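Please open the structure in your viewer and keep the selection panel at hand.

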Amino acid sequence: MRKSFLLAALLAGAAFTAQAYEAPTVQTGRFVEGTLTNKSIPKTNGGRFTDYSVALREGHFVIITVESDDFDPEVTLIDAGGNQIGYNDDDDDSLNSLLVARVKSSGDHIVRVGSVGSDLGKFKLRVDTLARD
């Protein structure tokens, strides 16, 4: 009896934590304003993050910028298979993030905006693409 209760509790917890999360879509060539809050997804090393979905084409280059006056942003690009394509914490001139990567496969990718450290607040995200000649 006790084992079945424990199993049922574990399964209920697994069902709760496995709920689908659908990242909002970001259009290329446009700014998106967002906010990292205490309700954003927690990172294992502190800080928080939020995800955006963007459709990208194989062979194109993607340029992702994240700017914030409130926190030190980081950006990660993840392909449909969960593989990290690129990461950037700081561009050359500031704590803002600038990521340039070549897209290896067409489809929806995840742009993950996170905070370095525990500071939170508003940010601007922009995703641009360049076709390869």
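Predicted model: local features only at pLDDT ≥ 70, side-chain atom pairs only at ≥ 80, totals over all residues.

Residues are numbered from 1 along each chain as its sequence is written, and side-chain values use heavy atoms, with hydrogens and water left out.

**Stop 1: the open sheet**

Switch to a cartoon view and look for the strands, which are DSSP runs of E with at least two residues, numbered from the N terminus. Five of them form an open sheet in the order β2-β3-β8-β5-β6, with antiparallel pairing; two strands count as paired if DSSP finds at least two bridges between them. Strands of a sheet pair through backbone hydrogen bonds, either parallel or antiparallel. Select 41-42 and 84-88 next, and you have the edge strands β2 and β6, each of which pairs on one side only. Now colour β5 and β8, which run antiparallel and are joined by 7 bridges, and find Leu 77, which stands opposite Val 111 in β8.

**Stop 2: the nonpolar core**

Which residues have the most contacts inside the largest nonpolar core? Select Ile 64, Val 111 and Leu 125, which hold that place in a core of 20 residues. A nonpolar core is a set of buried Ala, Val, Leu, Ile, Met, Phe, Trp, Tyr and Cys residues joined through side-chain atoms within 4.5 Å, where buried means under 20% relative accessible area, exposed over 50%, and partly exposed in between (1.4 Å probe, protein chains only). Among the elements that give two or more residues to this core are β1 (31-36), β4 (61-67) and β9 (121-130). Stay on Ile 64 and show its surroundings: leaving aside residues up to four places away in sequence, Ile 64 touches residues including Val 75, Leu 77, Val 111 and Leu 125, a contact being heavy atoms within 4.5 Å.

**Stop 3: the salt bridges**

A salt bridge is a side-chain nitrogen of Lys or Arg within 4 Å of a carboxyl oxygen of Asp or Glu, and by this rule the count comes to 3. Select Lys 43 and Glu 74, whose side chains meet at 2.4 Å, N to O; this pair links distant parts of the chain, with Lys 43 in the loop between β2 and β3 and Glu 74 in strand β5, 31 residues apart. Lys 43 counts as buried at 16% relative accessibility, and Glu 74 is buried too, at 12%.

Move on to Asp 51 and Arg 112, which meet in a salt bridge at 2.7 Å, N to O. Asp 51 lies in strand β3 and Arg 112 in strand β8, so the pair ties together parts that are 61 residues apart in sequence. Asp 51 is buried, with a relative accessible area of 6%, whereas Arg 112 is partly exposed, with 28%.

**Stop 4: Ser 53**

Select Ser 53 in strand β3, which counts as buried at 13% relative accessibility. Not counting residues up to four places away in sequence, Ser 53 touches, among others, Pro 24, Val 26 and His 109.

Notes:
Helix = DSSP H or I, 4+ residues; strand = E, 2+ residues; numbered from the N terminus.
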